[in-house]
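Subject: Structure handover

Hi,

Here is the structure I promised to pass on. Please have a look at it first; my notes follow below.

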Amino acid sequence: MLKGLGNLGDMAGMMKKAQDMQQKMTDLQDDLHNIMVVGESGAGLVKATASAKGELKALDIDPSIFNGDDKEVVEDLILAAIKDAQTRASDRAQEEMGKITAELGLPADMKLPF
C-alpha cells in the first residue's frame with residue numbers, strides 16, 4: 001500500500017512498532033504489580049513476598065525463631081528475606097521485559113525504562 005512512497009512506508013512500519021512497544025510496556029507495568037515472587041532466608045524460616053515491581057506484599061516468619069536473645073538474628077533473617085525477594089523481583093521484571101524485546105525483534109540486552 002505504501003510501496004510507492006519510498007522510506008515513508010518504512011517510517012509507518014516503525015511508528016506502528018513503536019506504538020506496539022509502548023502498549024506492551026504499559027501492559028507489562030500493570031502485570032508487574034500482579035506477578036509475585038518469594039524471597040527467603042534461614043532455610044525458609046523467613047519468607048518475604050513481593051511484586052515483580054519490588055513492592056513488599058507479605059512477610060511470613062516461623063514462630064520458632066522468636067527468642068528474646070536472638071533479636072539480631074531475627075532482624076538479619078528478615079532483611080535477608082526482603083533483599084532476596086527484591087532481587088528475585090528485579091530478575092523477574094527483566095525476564096518479562098526480555099520477552100517483549102524479543103517479540104519486537106529488539107536486542108535482548110536493550111535497557112528499557114523500568
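How many residues does helix 2 have, and what span does it reach from its first C-alpha to its last? Helix 2 has 33 residues and reaches 49 Å, close to the 48 Å expected at 1.5 Å a residue (the expected span is 1.5 Å times one less than the number of residues).

Some ground rules before the rest. This is a predicted model, in which local features need pLDDT of at least 70 and side-chain atom pairs count only at pLDDT 80 or more, while totals for chains, interfaces and linings use all residues. Residues are numbered from 1 along each chain as its sequence is written, and side-chain values use heavy atoms, with hydrogens and water left out.

**Overall layout**

The chain has 2 helices and 3 strands, in the order α-β-β-β-α from the N terminus. Both kinds of element are DSSP runs numbered from the N terminus: helices are H or I with at least four residues, strands are E with at least two. Of the 114 residues, 25% are buried; buried means under 20% relative accessible area, exposed over 50%, and partly exposed in between, with a 1.4 Å probe and protein chains only. The chain exposes about 7,800 Å², and carbon and sulfur atoms supply 54% of that area (Shrake-Rupley method, 1.4 Å probe; for residues, only the protein chains shown count as cover). Among contacts with a separation of 6 or more, 48% join residues 24 or more positions apart, a contact being heavy atoms within 4.5 Å.

**Cores**

The largest nonpolar core has 12 residues, including V37, V46, I65 and L77. Such a core is a set of buried Ala, Val, Leu, Ile, Met, Phe, Trp, Tyr and Cys residues joined through side-chain atoms within 4.5 Å. Strand 2 (46-51) and helix 2 (71-103) are the elements that give two or more residues to this core, and helix 2 supplies the largest share, 7 residues. Apart from it lies another core, of 10 residues, among them M21, L32, A52 and I100.

Two residues show some of the packing. A89, a member of the largest core, touches V37, S51, A52 and G54, not counting residues up to four places away in sequence. S41 lies in strand 1 (residues 36-41) and counts as buried because its relative accessible area is 9%. Leaving aside neighbours within four places, S41 is in contact with V46, L77, A80 and A81.

**Charges and surface**

There are 6 salt bridges, each a side-chain nitrogen of Lys or Arg within 4 Å of a carboxyl oxygen of Asp or Glu. In helix 1, K16 and D20 are 4 residues apart, so about one helical turn separates them; their closest N and O atoms are 3.1 Å apart. D84 and R88 in helix 2 have the spacing of 4 residues, about one turn, and meet at 3.0 Å, N to O. R92 pairs with E96 at 3.1 Å, and a network of salt bridges links R92, E96 and K99. R92 is partly exposed at 28% relative accessibility, whereas E96 is buried at 11%.

Finally, M11, M14 and M15 form a nonpolar surface patch with about 320 Å² of accessible area together. Patches take residues with over 30% relative accessible area and no salt bridge, joining like charges within 9 Å and nonpolar side chains (Val, Leu, Ile, Met, Phe, Trp, Tyr) within 5 Å. M14 lies in helix 1 (residues 7-34) and is exposed, at 53% relative accessibility.

Best wishes
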